[in-house]
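Work through these exercises with the structure open beside you. Try each task before you read its solution.

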Amino acid sequence: MSESPPQFHGTTIVSVRRGRQVALGGDGQVTLGNIVVKATARKVRRLYQDRILAGFAGATADAFTLFERFEAKLEKHQGNLLRSAVELAKDWRTDRILRRLEALLAVADAESSLMITGTGDVLEPERGLIAIGSGGPYAQAAAMALLDHTDLPPAEVVKRSLTIAGELCIYTNQNHVIETL
């Protein structure tokens with residue numbers, strides 16, 4: 001009788017845009033099966049001359065591969081977020097090795113917020129709000145309520161949304177990394 005090996009699980013990444021500001025944040029928990037193996041992982045980064053924010057949900061090695069490929073696309077297209085995202089999505093869908101990667105990317109610059117998936121989708125969400133990972137739906141609901149009923153800046157909306165997601169999702173903790181543009 002064989003069992004599949006335990007999988008790395010969960011995360012919460014949320015990005016909020018309000019006015020001319022955008023914030024993107026994530027929790028720090030890495031879980032293997034039902035064991036927390038790291039509590040302070042950094043799943044959010046600044047890319048391309050600190051002009052792009054990016055966060056990942058999914059298998060860690062896969063996400064690092066996608067970050068490297070995305071950075072190469074940003075360099076090739078001089079920081080053009082949309083064009084780089086579309087080119088990465090094309091490669092992700094058609095390349096034999098990339099096709100097997102299991103991760104989602106949330107990316108943002110001063111003007112756009114995008115979610116890039118392995119199915120070839122590049123989605124620009126309504127209201128500039130992105131939430132991915134196992135705690136994503138909790139964070140998204142919290143962020144929507146905070147955007148509708150407060151005047152909080154994006155970084156504070158992200159912080160409070162991640163806190164709520166961490167209280168509900170067992171794969172999300174309270175160690176947050178939040179970047180803003």
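**Exercise 1.** Which exposed residues does the face of helix 2 turned away from its buried side carry?

*Solution.* Keep in mind that this is a predicted model.
Step 1. Locate helix 2: it covers residues 81-94.
Step 2. List its buried residues, meaning those under 20% relative accessible area. They are Leu81, Ser84, Ala85, Leu88, Ala89 and Trp92.
Step 3. Look down the axis of helix 2. The buried residues fall within an arc of 135 degrees, so they line one face. An α-helix has 3.6 residues a turn, so residues three or four places apart point the same way.
Step 4. Turn to the face away from that buried side. Its exposed residues are Leu82 and Thr94.

**Exercise 2.** Work out the strand order of the open sheet and identify its edges.

*Solution.* 
Step 1. Five strands pair antiparallel in the order 6-7-8-9-10.
Step 2. Strand 6 (44-47) and strand 10 each have a single partner strand, so one side of each lacks a neighbour in the sheet. These two are the edges.
Step 3. Follow strand 6 to its partner. Four bridges join strand 6 to strand 7. Arg45 stands opposite Ala54 of strand 7.

Technical notes: Residues are numbered from 1 along each chain as its sequence is written. This is a predicted model: local features need pLDDT of at least 70, side-chain atom pairs count only at pLDDT 80 or more; totals for chains, interfaces and linings use all residues. Side-chain values use heavy atoms; hydrogens and water are left out. The expected span of a helix is 1.5 Å times one less than its number of residues. Buried means under 20% relative accessible area, exposed over 50%, partly exposed in between (1.4 Å probe, protein chains only). The arc is that of the directions from the helix axis to the C-beta atoms. Two strands pair if DSSP finds at least two bridges between them.
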